[in-house]
Amino acid sequence: MKLWGGRFTKATDKLVEEYTASIQFDQQLWKEDITGSLAHVAMLGKCGIIGEDEAATIAEGLKKVAKIIEAGKAEFTISNEDVHMNVEKMLLDEVGPVGGKLHTGRSRNDQVATDMHLYLRARVVELVALIAQVQEALLEQAKANVDTILPGYTHLQRAQPILFAHHLMAYYSMFQRDAERLMDSFKRINVLPLGAGALAGTTFPIDREYVAELLKFDAVYTNSLDAVSDRDFIIEFLSGSSLLMAHLSRLCEEMILWMSNEFNFVELDDAFCTGSSIMPQKKNPDVAELVRGKTGRVYGNLMGMLTVLKGLPLAYNKDMQEDKEGMFDTVTTLHGALSLFAPMIRTMKVKKENMRQAVAEDFSNATDLADYLVGKGMPFRQAHEVVGKSVLYCIDAGKYLLDMKLDEYKQFSELFEDDIYAALDPKQVVNARNVLGGTAKNQVEIQLNAASIDLQRTHQWVEDHEKKIDVHLL
């Protein structure tokens, strides 16, 4: 007999039981479920809704169940449908009928929502800490390459010389926004739905603020319908996760390109690459490729959740059971990618000479040639045309701008003087961009110093919020 089976005259069809059960994936919420139940039963006892001795018996029973599950001795069954009913069945086996009083004043609807809030707030703190590790690895590489120059690209065509440190710090900035989005989402995750009941609240004189205090929630939902039907906090997490994966994927794509013979700018450590079963010379950047590939599944989880909610009336509907697998999968995907990314970046070998040689064998200093003429008084549009003709001349002659003699320059404009060579030197080209956010060395060093301060703040946030959610009820 199901725990809810009093109204039914027939057993659930076996196929229906298998199709509707969620225990296969939601059993990982067992600790959150028991933690929420311990707070709930403490409140029931405090408010006199059940006897204090009954509350104590139930609490001890829940702790015994937790030990059984932690020891791997629990049997989760499809016949008990989900983690909540499985835990309640185990509790009844431990303490007898009094365990049935645990569900007084609550529903599975507000119970499952509470479990997910507890779960996701902890995962967000963990993921922010992992993002910081990736940022630290980028910062280390940037500091080691503050004098390394490589071609910057637009349209995947060489555009202008930049510092490699500047390029890496662009990704640092992306990840900083990702971390800030997750940190900001915490305040919307850390809201308690328990006490909303199935949809309308409860007739029992419960104390929701006391439960929030025990579970270290900052607030409670002020509308019971919203409390049980809200999945915005999951969508917000999946949205932020999708952006994070997009940034990881873009960096992966660049590392894959940079490691190819065509670029040959970096080499990833052997520990993060694999070989070929048939081609013995191959060294494949498989970790970077997999992160790039797994980005799609995170996007899919976001679109799946948005689609589930788009036509749901209030309040709870069984469709919402689909909220968990995508959330769990996204957490697992992000955790794996971020854990690997930091050491992969930290151990990446930068081929500085190859980067320098690439800058010497392109026309990425052409803009500076135009700027030189503008500095001599020529209108920019005219300078643009002069430089275009100079580049075409070099292409036909098989040379680069720094290879041209002064008399060759003068055939395009009398404004060219001997100082043109200093202006076109890659180091000068980079350092000439001495504006806020530019690639000049002193501007990049400003970025590096600011990043160190950012990371200190992030680490402090993680430390503070680890304490904030450290609930000692089990």
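**Notebook: a serine and some helices**

I began with serine 185: setting aside neighbours within four places in sequence, I found this serine in contact with Val124 and Glu236. A reminder to myself: this is a predicted model. I then looked up where serine 185 sits, and that is in helix H7, residues 164-189. Is serine 185 buried or exposed? Its relative accessible area is 2%, and buried means under 20%, so I noted serine 185 as buried.

Next I turned to a pair of helices. I looked up H3 (residues 30-46) and H8 (residues 208-215), whose axes come within 9 Å and cross at roughly 140°. That angle makes H3 oblique to H8. I also wrote down that the crossing of these two, H3 and H8, is right-handed.

Which residues meet there? On the H3 side I listed Thr35, Gly36, Ala39, Ala42, Met43 and Lys46, and on the H8 side Tyr210, Val211, Leu214 and Leu215. Sorted by class, the contact of H3 with H8 holds seven nonpolar residues, two polar ones and one charged.

My last stop was helix H5. It covers residues 83-95, which is 13 residues, and from first C-alpha to last it reaches 18 Å, close to the 18 Å expected at 1.5 Å a residue. I looked up its buried residues too: Val83, His84, Met85, Asn86, Val87, Glu88, Met90 and Leu91. What covers these buried residues of H5? I found that the cover includes helix H2 (23-26), H3, helix H4 (52-70) and helix H6 (108-144).

Terms used:
Residues numbered from 1 in each chain as written. Predicted model: local features only at pLDDT ≥ 70, side-chain atom pairs only at ≥ 80, totals over all residues. Heavy atoms only, no water. Axes fitted to C-alpha atoms, helices over the stretch in contact; angles between N-to-C directions. Helix = DSSP H or I, 4+ residues; strand = E, 2+ residues; numbered from the N terminus. Parallel < 35°, antiparallel > 145°, perpendicular 65-115°, else oblique. Left-handed = near helix turned anticlockwise from the far one by under 90°. Contact = heavy atoms within 4.5 Å. Nonpolar A, V, L, I, M, F, W, Y, C, P; charged D, E, K, R; others polar. Expected span 1.5 Å × (residues − 1). Buried < 20%, exposed > 50% of the residue type's maximum accessible area, 1.4 Å probe, protein only.
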